[in-house]
Amino acid sequence: MLEEVESMVGLFINSLPVRINCAPEKRCCDLIRELQAGAVEREPHQYYSLSSILADTGLKQDLFDHLFLFQNFPVSAQEADSGTGGEEDLRLSATGAFQHFFYDLNIFVAAGRLMKVTVKFNRNRWEEKFIRGMLGHYNDIVRQVIADSEMLADDIVLEDGAEKQ
């Protein structure tokens, strides 16, 4: 637990590394349930900082070389259903942020009425054509799983079958 958290004000965000193993015969809905259950199991460790995790491993900053961040903020069902999808649903003003990314590939997904995907990448390591192709595959995968969450991971279709491997 974070001591004296009741007296603190601010936004607390922490990242915990997750490894996902997906067998070809696994149903997508089961994989999603396992990911959610894993998030609940990791909750007691949510205060352990990423820098501490990296320091405690022999790999240090080489533990992983990319970041996939799924942002989901709690919203009541009434709030989610009340929006019209227009600009009046969410307004931000006088905001600013500086973000420095330590990984060559950073993918951010913000969930809401619409899903927004943002990618920041090292142009010395990745070509934009590759990144655009990857995002196209991500879009295809999400659409297929939404259409049939019972499908097997191995049944996900990519444009080029060789890319699936």
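A contact is defined here as heavy atoms within 4.5 Å. On that basis, residues 24 or more positions apart account for 54% of the contacts in the chain with a separation of 6 or more.

The structure is a predicted model, in which local features need pLDDT of at least 70 and side-chain atom pairs count only at pLDDT 80 or more, while totals for chains, interfaces and linings use all residues. Residues are numbered from 1 along each chain as its sequence is written, and side-chain values use heavy atoms, with hydrogens and water left out.

**Confidence and overall composition**

The pLDDT, the predictor's confidence in each residue from 0 to 100, has a mean of 78 for the chain, and 75% of the residues reach 70 or more. For residues 82–98 the pLDDT is below 50, and this stretch has four contacts in the model beyond near neighbours in sequence.

Helices (H or I, at least four residues) and strands (E, at least two) are DSSP runs numbered from the N terminus. The chain contains five helices and three strands, arranged from the N terminus in the order α-α-β-α-β-β-α-α. The chain has 165 residues, of which 16% count as buried; buried means under 20% relative accessible area, exposed over 50%, and partly exposed in between (1.4 Å probe, protein chains only). Accessible areas come from the Shrake-Rupley method with a 1.4 Å probe, and for residues only the protein chains shown count as cover. The chain exposes about 13,600 Å², with carbon and sulfur atoms supplying 54% of this area.

**Strand pairing**

Two strands pair if DSSP finds at least two bridges between them.

| Strands | Sense | Bridges |
|---|---|---|
| Strand 1 (residues 66–71) and strand 2 | parallel | six bridges |
| Strand 2 and strand 3 (residues 116–121) | antiparallel | six bridges |

Alanine 110 takes part in both pairings: in strand 2 it is the bridge partner of glutamine 71, and its own bridge partner in strand 3 is lysine 116. Strands 2 and 3 form a hairpin, with five residues between them. Strand 2 (residues 105–110) is largely enclosed by the rest of the structure, because five of its six residues are buried.

**A nonpolar surface patch**

Val18, Ile20 and Leu35 make a nonpolar surface patch of about 240 Å². Valine 18 lies in the segment before helix 1 (28–42), and this residue counts as partly exposed because its relative accessibility is 43%.

Technical notes. Patches are made of residues with over 30% relative accessible area and no salt bridge: like charges are joined within 9 Å, nonpolar side chains (Val, Leu, Ile, Met, Phe, Trp, Tyr) within 5 Å. A salt bridge is a side-chain nitrogen of Lys or Arg within 4 Å of a carboxyl oxygen of Asp or Glu.
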